[in-house]
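Please check each point against the coordinates.

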Amino acid sequence: MEWFDALILGLVQGLTEYLPVSSSGHLEIFKQILGVDLPDDQNLMFSVMVHAATVLSTIVVLRKLFFRLCRSFFTVRRDEDFQTVCKILLSCIPVGIVGVFLKKQVEEIFGSGLLVVGICLCVTALLLTFAYYSDFQRGTGRLKPADAGRRIGWWDALIIGVAQAVAVLPGLSRSGTTIATGILLRNRRAEVAT
């Protein structure tokens with residue numbers, strides 16, 4: 001892969017990661033446009049690297065919240081921040097299971113072309129639309145305030161984690177799936193978005 005191709009793909013990743021669209025799906029589309037053809041293991045390694053860069057940038061931008069959560073977790077304060085970290089860790093279990101036991105199948109799906117990406121992008125759009133109108137309906141013809149609804153519970157965290165595990169497919173947005181699942185579970189939009 002040429003450095004210019006890597007730069008373009010990095011920009012695509014950075015611009016799409018924080019939107020409820022699939023950064024992985026868009027990476028696959030742009031790889032096709034640029035004619036980048038990597039072996040499965042290198043393709044997955046590149047995707048992991050650009051996602052790791054996104055995680056690092058997120059930590060920098062949200063450093064106050066990140067360090068507050070870390071401080072609460074490692075000092076075992078048992079406060080709301082501690083519970084938030086525990087729920088995040090609980091939601092990571094399903095995707096961890098997929099990563100450990102279904103790695104080969106996921107790599108094959110990533111190399112299967114744009115048909116899977118296109119279908120998953122459509123599924124993301126439908127899921128977000130359904131969640132939006134479900135929330136709209138519950139708000140009696142208008143969107144509820146972002147702080148309306150209930151807090152994310154332990155079961156909610158696990159269900160959201162399962163949704164994220166499914167969203168490892170290219171084209172199925174992890175953030176979009178997380179937000180839509182949280183809204184469908186009637187959680188607070190503001191809490192689900194963060």
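1. Ser23 counts as buried, at 4% relative accessibility, where buried means under 20% relative accessible area, exposed means over 50%, and partly exposed lies in between (1.4 Å probe, protein chains only). This residue belongs to helix α2, residues 23-34, helices being DSSP runs of H or I with at least four residues, numbered from the N terminus. The side chain of Ser23 makes a polar contact of 3.3 Å with the side chain of Gln13; such a contact is a pair of N or O atoms within 3.5 Å, of which, within protein, one must be able to donate a hydrogen and the other to accept it, while residues adjacent in sequence count only if both atoms are side-chain atoms.

2. This is a predicted model, in which local features need pLDDT of at least 70 and side-chain atom pairs count only at pLDDT 80 or more, whereas totals for chains, interfaces and linings use all residues. Residues are numbered from 1 along each chain as its sequence is written, and side-chain values use heavy atoms, with hydrogens and water left out.

3. Helix α1, residues 3-16, has 14 residues and spans 20 Å from its first C-alpha to its last, close to the 20 Å expected at 1.5 Å a residue. Its buried residues are Asp5, Leu9, Val12, Gln13 and Thr16. Seen down the axis of α1, the buried residues fall within an arc of 100 degrees, so they line one face of the helix; the arc is taken from the directions from the helix axis to the C-beta atoms.

4. The face of α1 turned away from the buried side carries the exposed residues Trp3 and Leu15. Phe4, which is also placed in α1, is partly exposed, with a relative accessible area of 45%.

5. Which residues form a salt bridge with 3.5 Å between the closest N and O atoms? They are Lys31 and Glu28, a salt bridge being a side-chain nitrogen of Lys or Arg within 4 Å of a carboxyl oxygen of Asp or Glu. Both residues lie in helix α2, 3 residues apart, which is about one turn of the helix, and both are buried.

6. The structure holds 2 salt bridges, and one of them joins the side chains of Arg68 and Asp81 at 2.8 Å, N to O. Arg68 lies in helix α4 (residues 63-74) and Asp81 in helix α5 (residues 80-101), so the pair ties together parts that are 13 residues apart in sequence. Arg68 is partly exposed, with a relative accessible area of 39%, whereas Asp81 counts as buried at 16% relative accessibility.

Definitions and conventions
Helix = DSSP H or I, 4+ residues; strand = E, 2+ residues; numbered from the N terminus. Expected span 1.5 Å × (residues − 1).
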